[in-house]
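Welcome! Have a look at the structure first, then read on.

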Amino acid sequence: MISKKVLITGATDGIGLETARRLKSLGHEIIVHGRNLEKLKKVAEELKVKSFQADFSKIDEVRMMADSILKEYEEIDVLINNAGVLKTPSPKTHDGYDIRYMVNTFAPYLLTKKLLPVLKKGRVVNLSSAAQSSVDFDAMLGKVEMSDFEAYAQSKLAITMWTRHMGNSFSDNGPVFIAVNPGSFLGTKMVKEGFNTSGNDINIGVDILTSLALDSEHQVNSGKYYDNDNGKYSAPQTDGLDDAKASEMVGLIESIINV
Ligand SMILES: NC(=O)c1ccc[n+]([C@@H]2O[C@H](COP(=O)([O-])OP(=O)(O)OC[C@H]3O[C@@H](n4cnc5c(N)ncnc54)[C@H](OP(=O)(O)O)[C@@H]3O)[C@@H](O)[C@H]2O)c1
């Protein structure tokens with residue numbers, strides 16, 4: 001087996017933490033990210049791995065984290081953009097954006113863009129969801145009040161759209177980009193808090209993230225969306241196939257985060 005270097009964001013809880021444990025147990029080199037220093041230190045000590053801290057609701061922290069990673073690594077094989085938020089006591093970032101858009105869509109976009117030189121021809125796995133709702137550009141700009149679920153569902157279609165956009169842009173001269181719904185209602189903190197249910201086995205999500213990170217069969221699927229609720233590559237919500245809208249959206253994200 002060839003050992004891969006895998007960076008997992010949001011590895012302090014839920015699917016991210018369990019995937020970090022799984023990949024480490026399979027002999028891969030893991031790099032973990034978290035926002036909470038105490039939780040992050042605990043995970044890094046348990047797994048004996050390198051860690052990076054950043055609150056993804058603050059875009060400058062994402063930028064600084066990416067710079068620190070670039071200083072330390074010449075090559076990363078897999079980036080799993082797993083960190084995500086659904087419910088939050090304060091839905092706006094300090095600069096007025098919806099926190100779901102910032103954490104679930106903009107932050108992973110910036111991290112991925114900045115890490116492209118070390119990702120080379122590796123893989124980027126983006127956590128989407130079965131919850132997908134048409135992206136409203138005013139909402140992206142923080143000008144529309146939304147329910148937690150609507151904001152989450154828009155942010156998840158948005159990451160699915162930029163995954164496809166990146167996949168189309170790079171074809172075979174860059175990483176492979178895959179968006180994934182890891183399975184609905186997996187029993188994590190997010191699901192327990194958001195839906196008041198103990199949820200399904202987290203390993204459903206861990207299994208598919210592990211496969212998407214490592215298995216060669218996914219190499220030909222750049223830009224696609226894997227829906228683990230039906231165990232195959234599937235079409236996202238219809239807007240997710242609108243390449244013109246995706247290009248416009250990516251332009252807007254780049255202007256918001258200043259890349
Ligand atoms: N569970 C499901 O059924 C399901 C279904 C579809 C998609 N997903 C997606 O799967 C991913 C993992 O979710 P999960 O269910 O495992 O939820 P979780 O247990 O709540 O874990 C979320 C992770 O993201 C981190 N995070 C949250 N806000 C952050 C911020 N502002 N900056 C940096 N990191 C932050 C959390 O850090 P803390 O440990 O500090 O909270 C945690 O490590 C998410 O993208 C989610 O949308 C989950």
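## Terms and numbering

Helices (H or I, at least four residues) and strands (E, at least two) are DSSP runs, numbered from the N terminus. This is a predicted model, in which local features need pLDDT of at least 70 and side-chain atom pairs count only at pLDDT 80 or more, while totals for chains, interfaces and linings use all residues. Residues are numbered from 1 along each chain as its sequence is written.

## Around the ligand

Helix H1 (14–25) and helix H7 (189–195) each bring at least two residues to the shell around the ligand. Which residues come nearest to the ligand? Of the 29 around it, they are Gly10, Gly14, Phe56, Gly84 and Thr188. (A residue is near a molecule if its C-beta atom, placed from the backbone, lies within 6 Å of it.)

Sorted by class, the shell holds 11 nonpolar, 13 polar and five charged residues. Here Ala, Val, Leu, Ile, Met, Phe, Trp, Tyr, Cys and Pro count as nonpolar, Asp, Glu, Lys and Arg as charged, and the others, Gly among them, as polar.

## The nonpolar core

In soluble globular proteins, nonpolar side chains tend to be buried together. A residue is buried if 20 or more other C-beta atoms lie within 10 Å of its own, exposed if 12 or fewer, and partly exposed in between, with C-beta atoms placed from the backbone. A nonpolar core is a set of buried Ala, Val, Leu, Ile, Met, Phe, Trp, Tyr and Cys residues joined through C-beta atoms within 7 Å.

The largest such core here has 72 residues, and Val62, Met102, Phe106, Ala107 and Val125 have the most contacts inside it. Helix H4 (residues 99–119) gives the most to this core, with 11 residues.

How do helix H6 (residues 148–170) and helix H9 (residues 243–257) pack, and at what angle? Their axes, which are lines fitted to C-alpha atoms over the stretch in contact, lie 9 Å apart at an angle of about 100°. Angles run from 0 to 180 degrees between N-to-C directions. H6 and H9 are therefore roughly perpendicular (65 to 115 degrees) to each other.

## Buried or exposed?

Val206 is found in helix H8 (residues 203–214), and it is buried, with 23 other C-beta atoms within 10 Å. Lys48, in the loop between helix H2 (37–47) and strand E3 (50–53), counts as exposed because it has 8 C-beta neighbours inside 10 Å. Lys48 also has a positive phi of about 55°, although it is not a glycine.

Note on methods. Angles under 35 degrees count as roughly parallel, over 145 as roughly antiparallel, 65 to 115 as roughly perpendicular and the rest as oblique.
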